[in-house]
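Trainee: I would like to learn how to read a protein model feature by feature, with the cut-offs stated. Could you take me through one?

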Amino acid sequence: MQILTAKGMHRLLYFCNGVIIFTLMGFMCVTQERINNSMSARAFLELAGAIPQSSGELFFQTVISFVIFALSGHYYLKTENRRLKYVFFATEVVMCMILMRVLNLAYDGVILLVAADLMYKYEGHRQEYALLIALFCLYFMSNYNFALFSTKIISFEAYASYYTAGAKSVILALKNTFYSLNIVCFVFYLVLVIKNSHEEHERTRLLNEKLEEANQRLRAYAIEVAQMAETRERNRLAREIHDTLGHALTGIAAGLDACLMTLEIAPEVTKNQLNKIRDAAKKGITDVRRSVKKLRPDDLERLPFQEALKEMTRDYSASSGMEITFEVLKWAENLRSDQEDVIYRVIQESITNAKRHGQATKVKIRISGDEQRLLIKISDNGCGCASVKAGFGLRHMRERLKLLHGTINYWNDGGFTVEAMIPLNRSEK
């Protein structure tokens, strides 16, 4: 756990400098009052070489200068507006010079506060140059010998000389201690800034690594999803083509068988049957094209759903010669398109299987149910089978119904029966 952060150390720097500045100001005010009270002002003025400010002026100027300096630094750190940031920083630099001048250049550690503010809001190489220029100007202005040419400055040593040699040594030692304390705090602040910067870079590096790893996983997942989507679409198209072509070709094959039997004895009947087979083949081609284009069967596109079912069964009955009865006991209103597609394909595949595998001549389709579910029962009089093995058609019917949370059951009872259930109270997923 980190006890002190760079932000906390930055505040401590302000506190430390405030204590030092007001301590030095208090010392100068007290010394001036003692000099006035001891009637030794002449000797002090000869040593100082200039007339000092009154204690009251020194106090108020120091307080006001430091308050404005601290507020400028505070708003410089808080504001996000670039122009205002430069204004506050320029104000902070000016108040730093004034504060040093008010204290007769007795203390220039506030320069490190300006440097700390610049480093705290460091944003790039341009601010590096600003930092160097600001430090150069401040230290140039704080140079004692240079300042003597522009105005008369009473040195801190002149104030300390009022006291005895032993007291003077202690006072100067305390002043140097203040300098050293400020420098130590500033160096410690630099260490924390560098450490925080290093930790931030390390966190950024780790986050970038995690982000790259996540991106790689995401890319792998996207590829897997694309492959799964491709597989699902391939299976969907396979089901569509199987249902469409299988249904059409089975009906055509059954119709052609009937034509072979009636060709010699009833040419007109054969001709009519061939016309029906041709129409069934054309409709099958249309369905195949629509399936490839990921569209619904042609009958579902152009007719109401119940009419599309009846049209499909009539066409198949006409082409195959199989008798198909359609009985509706209960019909659900407002079926979704995906539910209609599944019902259509289940009935289509069931009557196709009845002819292809069971050689059935009659099929009965019965639709019933209630508000919660729709039941579809398709029974034929075919030869059935001893044991049912789910082939391509039955598997696809199960897959289609599973997408709607439905079920399918089938059994052999002298013919073959398929029963499908579709829940009606579920929303589309």
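Trainee: What should I know about the model and its numbering before reading any value?

Mentor: This is a predicted model, in which local features need pLDDT of at least 70 and side-chain atom pairs count only at pLDDT 80 or more, whereas totals for chains, interfaces and linings use all residues. Residues are numbered from 1 along each chain as its sequence is written, and side-chain values use heavy atoms, with hydrogens and water left out.

Trainee: How many helices and strands does the protein have?

Mentor: Helices (H or I, at least four residues) and strands (E, at least two) are DSSP runs, numbered from the N terminus. In this protein the secondary structure comes to 14 helices and five strands.

Trainee: What share of the contacts in the protein with a separation of 6 or more comes from residues 24 or more positions apart?

Mentor: A contact means heavy atoms within 4.5 Å. Of the contacts with a separation of 6 or more, 70% are between residues 24 or more positions apart.

Trainee: Is Asn17 buried or exposed?

Mentor: Buried means under 20% relative accessible area, exposed means over 50%, and partly exposed lies in between, with a 1.4 Å probe and protein chains only. Asn17, which lies in helix 1 (residues 6–37), counts as buried because its relative accessibility is 0%. Leaving aside neighbours within four places in sequence, Asn17 is in contact with Tyr107, Gly109, Val110, Leu113 and Asn182. Ser368, in strand 2, also counts as buried, at 14% relative accessibility, and it touches Leu329, Lys330, Arg373, Leu374 and Leu375, not counting residues up to four places away in sequence. Over the protein, buried residues make up 39% of the 429 residues.

Trainee: How many salt bridges does the structure hold?

Mentor: A salt bridge is a side-chain nitrogen of Lys or Arg within 4 Å of a carboxyl oxygen of Asp or Glu, and the structure holds nine. One of them joins Glu200 and Arg203, whose closest N and O atoms are 2.4 Å apart; both residues lie in helix 9 (residues 165–262), three residues apart, about one turn of the helix. Glu213 and Arg217 form another, at 3.0 Å from N to O, and they too lie in helix 9, four residues apart.

Trainee: Which salt bridge links distant parts of the chain?

Mentor: Arg366 and Glu327 meet in a salt bridge with an N to O distance of 4.0 Å. The pair links strand 2 (residues 362–369), which holds Arg366, to strand 1 (residues 323–328), which holds Glu327, and the two residues are 39 residues apart. Arg366 is partly exposed, with a relative accessible area of 34%, and Glu327 is partly exposed at 28%. Elsewhere, Glu202, Arg205 and Glu209 are linked in a network of salt bridges.

Trainee: Which residues form a nonpolar patch on the surface?

Mentor: Patches are made of residues with over 30% relative accessible area and no salt bridge, where like charges are joined within 9 Å and nonpolar side chains (Val, Leu, Ile, Met, Phe, Trp, Tyr) within 5 Å. Here Phe59, Phe60, Ile64 and Ile68 form such a patch, with about 380 Å² of accessible area together, areas being taken from the Shrake-Rupley method with a 1.4 Å probe and, for residues, only the protein chains shown as cover. Phe59 lies in helix 3 (residues 55–78) and is partly exposed at 38% relative accessibility.

Trainee: How many disulfides are there by the distance rule?

Mentor: A disulfide is a covalent bond between the sulfur atoms of two cysteines. The rule asks for a pair of cysteine sulfur atoms within 2.5 Å, and the count comes to zero. The sulfur of Cys185 is 4.4 Å from the closest cysteine sulfur, in Cys16, which is too far for a bond. Cys185 counts as buried, at 9% relative accessibility, and Cys96 counts as buried at 0%.
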